Amino acid sequence: MATTYPLQIVNLLAAILLLISFAMLSQRRVVGLVTLFAWQGAALASSTAIIAWSTGQHHLYYSAGLTLLLKVIAMPWFFYRLVRKLDINRDVEPMLNNTATMLIGIALVIFAFNLALPISQMAGTVTRSTLGVAMACVLLAFLMMITRTKALPQVIGFLAMENGLFFAATSATYGMPLVVELGVALDVLVGVFVLGIFFFQIRETFDSLDLKHMEKLREK
Amino acid sequence: MIAATAWLLLGVAGLILVPRLPAISKPVFLLGALVGVLVGATALGFLGAPAETAVLVIGLPDLPFHLRLDNLTAIFTLILGFASAGISLYATGYFHSGHDRPSGLLCLEYHLFLGSMLMVLLADDAYAFMVAWELMALSSYFLVTTDHAIPEIRRAGFLYLLMAHVGAVSLLLCFGVLQGGHGAYTFAYMRQAQMTPYWASIAFLLALFGFGAKAGLVPVHVWLPEAHPAAPSPVSALMSGIMLKTAIYGLLRVTFDLLHLQISWWGSLTLALGLITALYGVIFAAVQSDMKRLLAWSSIENIGIILAGFGLTVIFSADGKGMLAALALTATLYHAVNHAFFKGLLFVGTGSVLHATGTRQMGGLGGLIRTMPWTAWLTLIGALAIAGLPPLNGFVSEWLLLQAFLLTPGLHQNYLNMVIPVAAASVALAAALAAYVMVKFYGVVFLGQPRDPSLKDAHEAGWLQRLGMIWLALGCILLGLLPTQFIGWMAPTVKQLTGQSLVNDGSWLMLAPVNAERASYSPLIFLAVVLVALALTFLFVRKVYHGRVRRADPWDCGFPEQTPRMQDSAEGFGQPIRQIFQAFMRVERETPTPFDRTPHYHGASVDKIWTLLYLPIARVAGWLSEQAGRLQHGRIQWYLIYSFATLIFLLVFTQ
Amino acid sequence: MTTGILLQIAQTLLAILVAPLLLGWTNQCRAWLQGRSAPPITQPYRVMRKLFHKDAVIAHTASPLFRFAPYMVFACMALAAGIVPMIANDLPFSPAADAIALVGVFALARVFLALAAMDIGTSFGTLGARREMMVSFLAEPALLMVFFTASLISQSTQLPHIVDTLAHRQFAIYPSLAFAGVAFWMVSVAENARIPVDNPTTHLELTMIHEAMILEYSARHLALIEWAVAIKLFTYSALGIALFLPWGIAPTGNYGALPLALLALAVKMAGGGFVLAFMETISAKMRLFRVPEFLGTAFLLAVLGMLIHFLLEV
């Protein structure tokens with residue numbers, strides 16, 4: 001392959017994103033999960049910045065800055081506080097054992113890569129080959145949401161999914177228009193705060209953040 | 001053909017003569033071995049020649065047996081002849097001595113079994129094939145139930161017969177599909193039949209099920225761990241080493257010879273099933289505590305590897321990659337030959353142990369390398385070979401198979417490109433686990449201290465038995481050291497099936513499939529270097545070292561009351577596997593309380609497939625037959641009415 | 001050809017003779033990092049000399065297999081050292097055994113050692129054999145996946161060819177190789193019985209893996225095994241260097257590059273030894289049944305590396 005160094009670094013960052021997705025899938029502690037989430041944001045921000053620099057798409061700088069601000073600094077800080085306040089840093093017991101989750105994860109990655117191949121051939125960007133990684137990240141985050149029972153890991157899984165989509169957008173079309181991105185960022189921010197308030201409410205009602213208790217709400 | 005008759009005659013002669021002249025059994029088996037060598041040599045001489053056909057006038061009127069000897073038949077006949085020669089040689093000694101009296105019946109069944117396997121390979125029409133196939137199943141059934149006084153063995157025999165017949169029905173249907181409405185059941189017609197992919201797929205699936213049931217493909221493997229331990233050891237060796245291969249032969253015959261097209265997903269399916277079988281088999285082998293059961297599960301593993309190679313062949317060949325298909329097929333055939341030799345060797349080795357000690361439970365054995373050195377060292381060769389260690393034969397076929405796996409990128413399907421190299425990991429895992437299983441098997445049975453005081457009197461196998469084992473061990477060594485030679489012999493078969501043969505890019509010393517730049521392996525140089533290194537090390541130590549050797553008690557860690565019972569039992573050695581692969585099995589355990597004066601331990605790992613798949617089927621079958629039982633009244637008139645109603649119904653229906 | 005053979009022999013002998021030095025260096029680094037005063041770098045040689053001059057004590061129950069195994073293990077390791085390109089890429093022996101055969105050689109040595117451990121029939125020997133085989137069957141697939149990734153890039157399973165391709169390509173970042181490198185590190189830690197999988201300096205029988213197997217050996221047999229362990233560590237390090245940092249290895253026919261290659265090897269080995277000591281200092285030995293997870297992660301990394309190779313690098 002005769003690609004340029006910035007692109008190679010983007011490829012490397014894509015690989016790291018995928019690795020972090022797997023690490024999140026197997027991480028059992030909530031604090032570790034939050035840290036990994038912050039790292040994922042950092043990888044995302046730097047890859048966006050590099051793409052912006054190498055392709056001259058200036059609006060991507062804003063996206064990178066926004067990612068850095070929101071997903072690397074603000075949200076992890078908020079989550080750390082939440083964890084400390086709510087005292088929920090216990091082991092998260094997954095629904096499925098680790099090995100099985102990993103094997104399903106590998107299958108998903110293969111699926112995503114093959115799914116992305118035809119799409120990425122249509123895309124005109126130089127970063128199109130990372131599209132498969134982005135899709136794999138989305139699927140893995142989804143898998144993480146499925147296998148977790150506690151509320152906070154689910155929210156993190158949701159945000160990780162958003163990260164994957166963001167990465168897909170950057171690699172396929174050099175990002176969405178800035179207005180859309182700002183809107184999404186704001187939505188995510190507000191959503192996280194609302195969820196934070198919800199956590200307190202859920203815990204007051206059920207005395208736990210285990211979402212299994214939500215089953216009680218179902219009509220008999 | 002002559003050989004089959006010869007085996008048959010020997011069997012009959014044995015049946016008639018042995019009860020009167022017990023001494024005759026020895027020459028009979030010895031002659032059987034000789035016939036085996038002759039069969040093998042004939043097949044070897046034939047390889048590469050154009051196919052020969054013959055029509056026998058036996059059989060039903062107007063339905064003569066068609067026979068055909070081509071390269072595919074020849075290569076499997078080669079396995080049959082040479083491997084059975086060693087086993088028969090062993091059987092000469094085995095059946096002669098001790099409690100396994102060589103009844104005339106046994107002699108007949110044994111040789112009938114050999115002859116029917118040859119007939120299966122030679123058959124050239126569905127009719128002759130099915131007759132030989134059933135004959136093979138029946139004679140082996142009677143061999144399995146040799147000790148029919150024991151209820152467990154009767155149960156194992158019944159299960160075997162049941163599975164054999166379910167498989168046979170499937171094969172019958174398969175041939176029905178294959179003849180494509182012409183009503184001609186010779187293979188020559190079937191070859192010319194033009195089938196739609198839809199019907200071809202049905203035929204393939206039926207064949208996969210039917211032959212899979214014989215070969216021990218998961219989930220139709222359940223009879224294998226029951227039947228193999230039940231049979232006398234030489235028979236287990238024959239069944240595991242050779243009979244399972246006839247199923248592989250059948251699958252190859254149907255897929256590559258009778259069907260004119262191959263479809264890629266057949267290969268993917270077989271590959272997946274094969275890999276699952278390999279892993280499943282080896283995991284269960286690791287938790288067994290009965291020697292022969294362990295080996296039976298290990299046979300399932302090896303069949304899985306062979307079928308994985310077969311699947312790969314189909315994938316390549318459907319994709320038009322003749323060269324790679326040739327490589328995969330060579331690996332498949334090579335492993336089939338290998339397995340016949342090392343599994344045969346291991347089974348007859350356990351036969352000697354069983355004979356000398358009277359137990360198959362590994363918990364009651366140990367330290368036999370001191371009382372039975374011949375058996376122990378010869379079995380070691382088999383154990384190292386099956387564990388896939390260089391420079392023995394198991395490594396060659398696994399190496400070839402891994403090379404085939406590595407060459408997949410280049411297929412036209414992206415999915416397969418990515419999945420198959422990952423799937424190679426399960427072959428690697430199976431091979432590594434096989435090493436675990438063999439360390440367990442060999443270490444617990446032959447090494448360590450005797451777990452039972454009576455083992456000190458265990459006697460060595462007789463010279464004929466040793467000779468049989470030496471023959472098989474030599475096979476393992478030669479197959480390991482001269483792969484280029486053997487691959488050269490396989491080339492005509494491979495060419496017949498895939499249209500290309502494997503080109504060896506190296507010299508006779510160097511095995512280099514496809515391209516010498518890509519990969520090469522030379523067991524002879526390998527062995528030479530190991531030997532030189534060994535010799536140099538030895539001389540060096542001699543030179544440097546001047547101390548004496550003193551014998552003492554082993555280190556007891558400050559606890560002087562060490563007994564042989566403190567060694568790992570078979571269950572103990574399997575414990576990590578039980579722990580890691582818990583999801584596959586149901587563990588049944590009874591542990592003694594600390595206050596038990598005569599502690600008794602029982603542990604077994606039960607196949608989950610048995611409870612999840614077979615018991616429900618058995619229950620449904622039981623329920624159905626109960627419903628059918630309601631029809632039974634005992635009055636003959638009612639039965640006549642049933643028959644009459646059926647007749648009327650059918651007549652209406654056929655109008 | 002003749003020079004090639006000479007070079008081959010010289011390189012193998014060099015590996016065998018220098019190997020204990022790497023072990024000594026690692027021990028020294030570890031002692032420094034832990035604030036102890038370090039033993040001299042030649043300590044492993046002294047230990048071996050001492051062992052070579054002692055009387056051998058063998059258990060009553062030992063069979064010939066037990067006495068044969070150390071020689072076999074040593075021969076296998078010498079063979080392995082001959083396959084891996086260390087200073088020169090011109091190895092006439094390497095076509096006889098490729099990367100897959102290398103895995104086989106290690107397995108052969110391991111099986112013999114495990115069998116020898118079971119031969120005496122004490123509880124510790126069998127315990128060690130069982131644990132060693134458990135670690136190995138988990139490590140082997142991961143190791144093979146690492147080799148597969150490398151050989152998919154270079155279209156060959158022969159180590160000199162792999163090194164040739166990787167060393168002489170245009171410089172590029174291969175994420176797949178980065179993944180494979182981490183996986184290889186984890187596998188070699190497990191295979192060489194280092195912390196966090198096993199503790200090579202432990203004296204507590206219950207926590208032993210490798211040490212439990214060789215508990216019954218003494219004098220010359222023990223010396224051979226210790227030496228083989230050193231060669232194994234050296235070979236694994238050389239393998240890691242050859243696969244992931246191949247720059248500096250002399251290409252075929254270029255004998256002028258040999259001194260430089262020797263220097264490069266020394267520097268890289270010293271670096272590797274230091275990193276190993278550092279990692280051993282900052283981590284603790286894990287529980288035995290955490291090892292499957294550890295090696296499962298290695299396997300996952302290797303597989304991911306391979307998949308990423310398909311996606312990003314083809």
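Predicted model: local features only at pLDDT ≥ 70, side-chain atom pairs only at ≥ 80, totals over all residues.
Residues are numbered from 1 along each chain as its sequence is written, and side-chain values use heavy atoms, with hydrogens and water left out.

**Salt bridges**
- Over all chains, the count comes to 18 salt bridges (a side-chain nitrogen of Lys or Arg within 4 Å of a carboxyl oxygen of Asp or Glu).
- One of them pairs C:D55 with B:R548 at 2.9 Å, N to O.
- C:D55 is partly exposed at 32% relative accessibility, while B:R548 is exposed at 58% (buried means under 20% relative accessible area, exposed over 50%, partly exposed in between, with a 1.4 Å probe and protein chains only).
- C:E280 and C:R194 also form a salt bridge, with their closest N and O atoms 3.1 Å apart.
- Both ends of that pair are tucked away: C:E280 is buried at 2%, and C:R194 is buried at 5%.
- C:R290 and C:E293 make another, at 3.8 Å between the closest N and O atoms.

**Chain B against chain A**
- Four residues from chain B and five residues from chain A are in contact (heavy atoms within 4.5 Å).
- The two chains bury about 530 Å² between them, 76% of it on carbon and sulfur atoms; that's the accessible area (1.4 Å probe) that two parts lose on being put together, summed over both.
- There are zero salt bridges between chain B and chain A.

Conventions:
Chains lettered and ligands numbered in written order.
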